[in-house]
Amino acid sequence: MKKALLHLHVLSCFIIIVLINSGTAYAQSATGNINGIITTNDNMPAAGVTVKVTGTSKNAVADEKGIFQIKNLKAGNYELSISLVGYETQVEKVTVEDGKTINVSIELKVSQKSLQEVEVSYKRNRVTNKSSDYIARMPITNLQNAQAYNVVDKEIIKQQVIVTLTDAFRNAPGVTPALYPSGGIGVLSRGFATGIDARNGLQSTTGRSSADVANIERIEFIKGPSGTLFGGGISSFGGVVNLVTKKPFEKFQGSVDMSIGSFGLGRVTADVNTPLNADKTLLFRINTAVQRQDSYNERGFYNSSLVAPSLLYKANDRLSVLFDAELYSVNSIRPTYVTIAPGSGIKSFADLPLDYKKSLLDNDLDAKTNATKFFVDVKYKLNDNWTSSSNIAYVNEQTERSYQDYPTWISRDSVTIDVSKYGPVSNTYTNVQQNFTGKFNTGSLKHTFLAGANYTQYTGRGMSGGTDVFRAIDIRNFTGKVNRIQVDSALSADKVLNWGRSNTSTYGAYASDVINLSDRLFAMLSLRYEYIDDKSTGPWATPYTQSSLSPKLGLVYQVVKEQVSLFANYMNGYQNSPPTTQPDGSQLTIKPIYANQYEGGIKAELFDKKINTTLSYYHIAIDNAVRYDQRFFAFQDGEQVSKGLEWDFSANPTDGLTVILGYGYNKNTIIDAEGLAGNQVSNSPKNIANYWVNYQFKHGALKNFGLGAGGNYIGKAYFDDANTLLLPSYHLVNATAFYENTSWRLGLKLNNIGNEKSWGYWGAPNPTRNVVVNFTVKF
């Protein structure tokens, strides 16, 4: 502990020195500023218009009053470029002098009404934007970032009439959604299971409660081991999934929509945003959702409700405070975890003897979970070059009860039933995070710098019990489903275990520096130190302390400035593990398990960012994984290699047209493990493809009408590391038709047109053919 605190103290001193030096560096550099106001030709403020300084990376967006500001320009003559979709680009010439601020007035050749129509169209169709405040934790662009990542934004969610968050995951290349028997959700990325454990860059969890799509602005898939910036509690060896939520803005606006469809779907959502005072310094937004739905199977339902308010207070030009909450409750049937005995004669999930729409268990074996999340984000502008971001998060998942069933097929006619009951279970994460981001110069080198520290306290408690195998069923003569009364009767008191109390403190400190070696060459140097102090008590607890170091290196060269980049990186991820007790009673101390990635590729943003694409090759190696021999002794010398290729393509080539294409090839192989060397890692399909095309007519008799179509191909995988049980490949095709104007939208979506039967991660079956009708009113 003392060693960890010493490291944090050293880092804080380093941050202070950097801030002092950076302030000095900028003080020595004389620059000028531009203040401007943009109006329409009917003398109304032009809000939301982007102004670019040609030949530089400088740009600004006009606020609600049409005002913009561009700072720290070297003395000289410049051109300001003001472009609008569907209109000719306007150019204004300005001269900047050292130490002075010039004022400019720009009149657009467009009316306020036309500007609003352009803004709506632009926001509706621009899905190629990859800018983010969270991915690098600092203000750098996609073409300056030496890491591959994908973004799925709310426009795609709307186009595809998505009501389930896991369906949105299918739009990311090389990614497949995962449904856990615990009720949580995740993805498989680059061959590794990855939880949905980041929300606006902070640690969160969806381990038992899932999440609702209604409050999602965008989903960020940060690829590869990302322990350096996010830590072991958020990232996996496959990457990080970050949910970016909707935030308040300076305008009254909202929508209400209703969705109805197959399997008894009924869903209503509302999104209302409003300023609370005249000067628009206090902004409020609330998103709500209520959903009721049964299943394609005779067993199953999912009933949920969401309330997500947020309040933004802009104290002044330097200080803003965002309060954010999310209250989510779910009553549902958990996904069945099917196992198949080696001697059953069943080699594939497609050969399961039970009808796809039938179940052996009743609907009263359900689960009930609540998630409560509170967040505070305080941003303070220290000066023109440095910003402080202070964050506090409280996340709690409460499971009242959760029945989870594990049928095992022992032959083509016989299956045994084993059910576990979890609850009450409570998991709480309290996270405090402090970041400093800024820019400074050292000689001719320009630095974009991040320094931060975080503290996370995790506490948990719970109870569970299992029936073991309490019923064997011959499906040829099956009568009477397994129900809650039978399960509770088999759960005798001596089978219910109190887990004790989990208590883990995690301390992290990190720094990252992106250096402009030239106007086209960028280098990233990053490092994290993390220390874990586990003081858990209970039957499975083994208190321990452990520390980890995680470096990250990256290099970017812009072959065509601000259009095409070549990139390469070395990235590191880690998993902290407690000691394990061996069969002979001895203990094996587990060191942090490390995954090291080497990646290289190319990124392009072309035709005024109407096309965005990334192609990369990666190699992830683990050489100290924990493996077990036939006597169940643990050894930390297992080896695994995951390597592959990913391609991400998104485009808005013309007004109204959206094109998304993605492909991922992954070969995830066990290199050294007793009896498994050379096998494909379980639940790791080699080939994954996604595609989507959407077009809305802008003129003529079909104006505002649109069509969309797309799908997903998932190659075959194995349920087990022994590669004996096949998860068959599948291809899901979907289509939509819609009408949308500025006031309302009506959409029809047909999912799984081919009515394919398919099984995903852990053998969870996907829904059969279904339809969703959505009607939205906008105000």
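## Aspartate 405 in strand E23

In this predicted model, aspartate 405 is placed in strand E23, which covers residues 386-405. Because its relative accessibility is 2%, and buried means under 20% relative accessible area, aspartate 405 counts as buried.

The side chain of aspartate 405 makes a polar contact with that of arginine 299, at 3.4 Å. When residues up to four places away in sequence are not counted, aspartate 405 touches Arg299, Thr336, Tyr337, Leu361, Asp418 and Val419.

## Nonpolar cores

The largest nonpolar core has 24 residues, and those with the most contacts inside it are Phe349, Leu352, Val482 and Val487. Strand E25 (residues 414-442) supplies the largest share of this core, namely 3 residues. A second, separate core has 22 residues, among them Ile156, Ala172, Val241 and Trp692.

Leaving aside neighbours within four places in sequence, valine 482 is in contact with Leu360, Leu361, Asp362, Leu365, Ile417, Phe470, Arg471, Ile473 and Val487.

In soluble globular proteins, nonpolar side chains tend to be buried together. On the surface of this model, however, a nonpolar patch is formed by Phe252, Val256, Met258, Ile260, Val268, Trp744, Leu746, Leu748, Val773, Phe775, Val777 and Phe779, which together have about 1000 Å² of accessible area. The elements giving two or more residues to the patch are strand E16 (253-261), strand E42 (744-751) and strand E43 (770-778).

One of the patch residues, isoleucine 260, lies in strand E16 and is partly exposed, with a relative accessible area of 44%.

Terms used
Residues are numbered from 1 along each chain as its sequence is written. This is a predicted model: local features need pLDDT of at least 70, side-chain atom pairs count only at pLDDT 80 or more; totals for chains, interfaces and linings use all residues. Side-chain values use heavy atoms; hydrogens and water are left out. Patches are made of residues with over 30% relative accessible area and no salt bridge: like charges are joined within 9 Å, nonpolar side chains (Val, Leu, Ile, Met, Phe, Trp, Tyr) within 5 Å. Accessible areas come from the Shrake-Rupley method with a 1.4 Å probe; for residues, only the protein chains shown count as cover. A salt bridge is a side-chain nitrogen of Lys or Arg within 4 Å of a carboxyl oxygen of Asp or Glu. Helices (H or I, at least four residues) and strands (E, at least two) are DSSP runs, numbered from the N terminus. Buried means under 20% relative accessible area, exposed over 50%, partly exposed in between (1.4 Å probe, protein chains only). A polar contact is a pair of N or O atoms within 3.5 Å; within protein, one must be able to donate a hydrogen and the other to accept it, and residues adjacent in sequence count only if both atoms are side-chain atoms. Contact means heavy atoms within 4.5 Å. A nonpolar core is a set of buried Ala, Val, Leu, Ile, Met, Phe, Trp, Tyr and Cys residues joined through side-chain atoms within 4.5 Å.
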